[in-house]
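Biologist: I would like to learn how to read a structure like this one. Please take me through it step by step.

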Amino acid sequence: MARRHRIATLLLLSAGCATQVAGALTDADGYPLVGNVVAKGSPRPRPRPPAPPPPRQAAFETGEAAEKSA
Amino acid sequence: MSGTGIFEISAIGGPWARRLGPRRAWIDDLPWDEEIHAPGVEDVRRVWTRSAFSEYASAAAFAEIATGLLAAGAPIDLTAAASDFAIDEIVHCELAARLAAALGGAVALDVDLAKLVRPPRAHAPLLAVAERIVRTCCVGEALTVRLLNAARRAAGSALFEAALAGIVADEAHHAQLGFWFLDWAEGRLSDADRVHLADAAAAALAAFAPLFVVSPSVSCGTTGLGALSCAEFDPAFADAVRRSVIRPLALRGIEVKVAA
């Protein structure tokens, strides 16, 4: 039987826990502008929407809310 | 990630890293130990994060051009070059990511991987790939060469100047492929096809309009480390459109009409 490969990807680019999010430069239909003409530093980013809580925390909060309403 | 989300890139390593190794070796030889002074660091991190995504999208564009050239029965060496350019763009993508990291890290960039390349309006294989090539090579890459050269001259850093020089050297070939293709296809394209291609080029140019909107949300003052201020970017862009896009396309009977 063929051996399975142990996969460990190396993250080369990640914004981590940044609080703001910038948009890619796109045309009106959402396709990226052609080429690489992004040397101009515009436009500025907007606040990043809060990430949904991880499942365990969500379950806990749901449980807590259920207790309060009980 | 897949579809829409925050842009990330990763590498799997092993034989795949070794296979790519010779193509990306020059990145490791750049002067990464340089001390970087970045007054407008947020602007510049945004520029290099967006640059990583532009290169990623260009890799997709060349992969589709290679497929289109095969479908159109184009010369196989031209097709091989287009396929090879996808690798160039992937290497540039990694380089841009590393430059963003050197500046303190990438910014969160919202992207849609399901919309990396605008599909052509034409259906016939030759005209469809010609449309892709005019947009990507004759407009996008031709402008890229001029603007990244301006950014290289203003970089003010050995690391960023060398990185931009490496990217520009590749992009110059990417732009040339477009005009070589049009010269090969000259007798195969009709006058109506050339009008169609002129419209495609004009639409690609018109899509840059939001870059020139004057707004408080637009950062306009940073120059250096790959960024250009509006005062430097805007005239360089206008000059590149005239000299690197409109004029060489007109020489091939493709008369691009742009809004004043």
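Modeller: Start with Arg132(B), which touches Glu64(B), Ile65(B), Val117(B), Arg118(B), Pro119(B) and Pro120(B), leaving out residues up to four places away in sequence. Contact means heavy atoms within 4.5 Å.

Biologist: In which helix is Arg132(B) found?

Modeller: Arg132(B) is found in helix H4 of chain B, residues 125-153. Helices (H or I, at least four residues) and strands (E, at least two) are DSSP runs, numbered from the N terminus.

Biologist: Does Arg132(B) count as buried or exposed?

Modeller: Buried means under 20% relative accessible area, exposed means over 50%, and partly exposed is in between, with a 1.4 Å probe and protein chains only. Arg132(B) has 18% relative accessibility, so it counts as buried.

Biologist: What should I know about the model and the numbering?

Modeller: This is a predicted model, where local features need pLDDT of at least 70 and side-chain atom pairs count only at pLDDT 80 or more, while totals for chains, interfaces and linings use all residues. Residues are numbered from 1 along each chain as its sequence is written, chains are lettered from A and ligands numbered from 1 in the order in which they are written, and side-chain values use heavy atoms, with hydrogens and water left out.

Biologist: How many helices and strands are there in chain B?

Modeller: Chain B has 7 helices and 3 strands. Their order along the sequence is β-β-α-α-α-β-α-α-α-α. The radius of gyration of chain B is 18 Å, close to the 18 Å from the globule rule for 260 residues, so chain B is as compact as a globular protein of that length. That radius is taken over C-alpha atoms, and the rule is 2.2 Å times the number of residues to the power 0.38. Along its principal axes, the C-alpha trace of chain B spans about 55 × 50 × 30 Å.

Biologist: What percentage of the residues in chain B is buried?

Modeller: Buried residues make up 52% of the 260 in chain B. Of the contacts in chain B with a separation of 6 or more, 84% are between residues 24 or more positions apart.

Biologist: What are the corresponding values for chain A?

Modeller: Chain A has 1 helix and 3 strands, in the pattern β-β-β-α. Of its 70 residues, 27% are buried.

Biologist: How is a pair of aromatic rings described?

Modeller: The distance of the centres and the angle of the planes describe it. Rings of Phe, Tyr and Trp (its six-membered ring) pair if their centres lie within 6.5 Å; planes under 30 degrees apart are stacked, over 60 edge-to-face, and the rest tilted. The whole structure holds 9 aromatic pairs over all chains. One of them is Phe208(B) with Phe237(B), an edge-to-face pair at 5.2 Å centre to centre and 65° between the planes.

Biologist: Which parts does the pair of Phe208(B) and Phe237(B) tie together?

Modeller: Phe208(B) lies in the loop between helix H6 (191-206) and helix H7 (230-250) of chain B, and Phe237(B) lies in H7, so the pair ties together parts 29 residues apart in sequence. Both Phe208(B) and Phe237(B) are buried. Phe212(B) and Phe237(B) have ring centres 5.0 Å apart and planes at 55°, so this pair is tilted.

Biologist: How accessible is Phe212(B)?

Modeller: Phe212(B) is partly exposed, with a relative accessible area of 30%. Ring pairs link Phe208(B), Phe212(B), Phe233(B) and Phe237(B) into a cluster.
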